[in-house]
Every structure is written in C-alpha cells, then in structure tokens.
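Student: Can we go through this model together? I'd like to start with contacts and then move on to pockets.

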Amino acid sequence: MPKEMTAQESIGGLAAGEVPVLETLAQMTVDTFERSGLDVEEYLLARIAALVALDAAPASYLIHVGAAGELGVPLERVQGTLTAIAPVVGSARVVSAAGKIAEAFELPTNGDST
C-alpha cells in the first residue's frame with residue numbers, strides 16, 4: 001500500500017514535477033466538503049464563486065457547474081451567486097465567468113449567430 005502524502009509533500013512533489021497533477025489535486029480536496037460545514041449546494045456555489053474571483057478556465061466551470069447541475073442545484077442559483085459576488089469581484093470577472101460557463105457547456109451566447 002502506498003504511503004499517504006501530507007499536503008506539504010504533495011505540493012512540494014507537484015512543484016518538483018514528481019507527483020501526478022490530478023492525484024495531487026484530488027488529495028488537496030479530500031474531506032473539504034465534510035470539513036466545510038456547508039450543505040452540498042452552498043459548497044458548490046462557494047467554489048463557483050471562488051472560480052469567478054480567480055478568473056478560472058472553462059474546464060473548471062465544467063467540473064463545478066456540471067456537478068452542481070447533476071446534484072440538482074438550479075442554474076438560477078448559479079446566476080444568483082454571480083449576481084451576489086459581482087460588486088466584490090467586478091463586472092469584468094462575472095462577464096468572463098458567464099462566457100466561460102457558456103463555452104464549457106457549448107451554450108450559445110448573445111453574440112452567436114448560430
């Protein structure tokens with residue numbers, strides 16, 4: 001059985017190119033839901049809000065918004081979260097996030113003629 005890595009070892013290994021990235025990411029998120037004290041909807045909406053603040057890539061939205069949808073979180077709640085954080089993160093981040101969510105899910109945007 002492989003030895004469990006500490007968070008410090010995982011991050012150090014990632015930085016040194018010694019640990020597979022996905023394994024490290026998975027280890028970094030182990031038990032975060034349980035430790036958060038949030039319900040699943042609050043947890044996913046908080047993570048989506050953090051993605052907006054970081055101007056994350058479309059793939060990150062695909063994972064998190066997709067998981068939210070699969071767990072029954074209405075898209076209106078995601079939209080409400082974007083509205084709630086807009087004054088803090090700024091309109092540019094929210095518009096960027098909306099575009100990346102649309103891109104991740106291959107949704108038409110207002111500028112699309114298809």
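Student: Which residue forms a salt bridge with Asp55?

Tutor: Lys100 does, and the closest N and O atoms are 3.0 Å apart. A salt bridge here is a side-chain nitrogen of Lys or Arg within 4 Å of a carboxyl oxygen of Asp or Glu. Lys100 lies in helix α7 and Asp55 in the loop between α4 and α5, so the pair ties together parts that are 45 residues apart in sequence.

Student: What should I know about the model before going on?

Tutor: This is a predicted model: local features need pLDDT of at least 70, side-chain atom pairs count only at pLDDT 80 or more, and totals for chains, interfaces and linings use all residues. Residues are numbered from 1 along each chain as its sequence is written, and side-chain values use heavy atoms, with hydrogens and water left out.

Student: Back to that pair. Is Lys100 buried or exposed?

Tutor: Lys100 counts as buried, at 17% relative accessibility. Asp55 is partly exposed, with 32%. The cut-offs: buried means under 20% relative accessible area, exposed over 50%, partly exposed in between (1.4 Å probe, protein chains only).

Student: How many salt bridges are there in the whole structure?

Tutor: The search finds 2. Arg77 forms one with Glu41, with the closest N and O atoms 2.4 Å apart. Arg77 lies in helix α6 and Glu41 in helix α4 (residues 40–54), so this pair ties together parts that are 36 residues apart in sequence. Arg77 is partly exposed, at 43% relative accessible area.

Student: How many helices and strands does the chain have?

Tutor: It comes to 7 helices and 0 strands. From the N terminus the order is α-α-α-α-α-α-α. Helices (H or I, at least four residues) and strands (E, at least two) are DSSP runs, numbered from the N terminus.

Student: And what share of the residues counts as buried?

Tutor: 25% of the 114 residues of the chain.

Student: How is a pocket defined?

Tutor: The search uses a 1 Å grid over the protein atoms alone. A pocket is an open set of points where a 1.4 Å probe fits, with protein on both sides within 12 Å along at least five of seven lines. Lining residues have an atom within 4 Å of a point. Grid points are joined across faces, edges and corners, and a volume is the space filled by probe spheres set on the points.

Student: Which helices each supply at least two residues of that lining?

Tutor: α5 (58–70), α6 (75–89) and α7 (91–104). The lining of the largest pocket divides into 12 nonpolar, 5 polar and no charged residues. Ala, Val, Leu, Ile, Met, Phe, Trp, Tyr, Cys and Pro count as nonpolar, Asp, Glu, Lys and Arg as charged, and the others, Gly among them, as polar.

Student: OK, what lines the second largest pocket?

Tutor: Leu25, Ala26, Met28, Thr29, Arg47, Ser60, Ile63 and His64. That pocket holds about 190 Å³ of space. Its lining has 4 nonpolar, 3 polar and 1 charged. α2 (21–29) and α5 each supply at least two of the residues. α2 gives the most, with 4.

Student: Which nonpolar patch on the surface includes Leu25 and Met28?

Tutor: Val21, Leu25 and Met28 form it, with about 250 Å² of accessible area together. Patches are made of residues with over 30% relative accessible area and no salt bridge: like charges are joined within 9 Å, nonpolar side chains (Val, Leu, Ile, Met, Phe, Trp, Tyr) within 5 Å. Areas come from the Shrake-Rupley method with a 1.4 Å probe; for residues, only the protein chains shown count as cover. Leu25 is partly exposed, at 41%. Met28 is partly exposed, at 41%.

Student: Is Glu106 buried or exposed?

Tutor: Glu106 is exposed, at 73% relative accessible area. Asp31 counts as partly exposed, at 42%.
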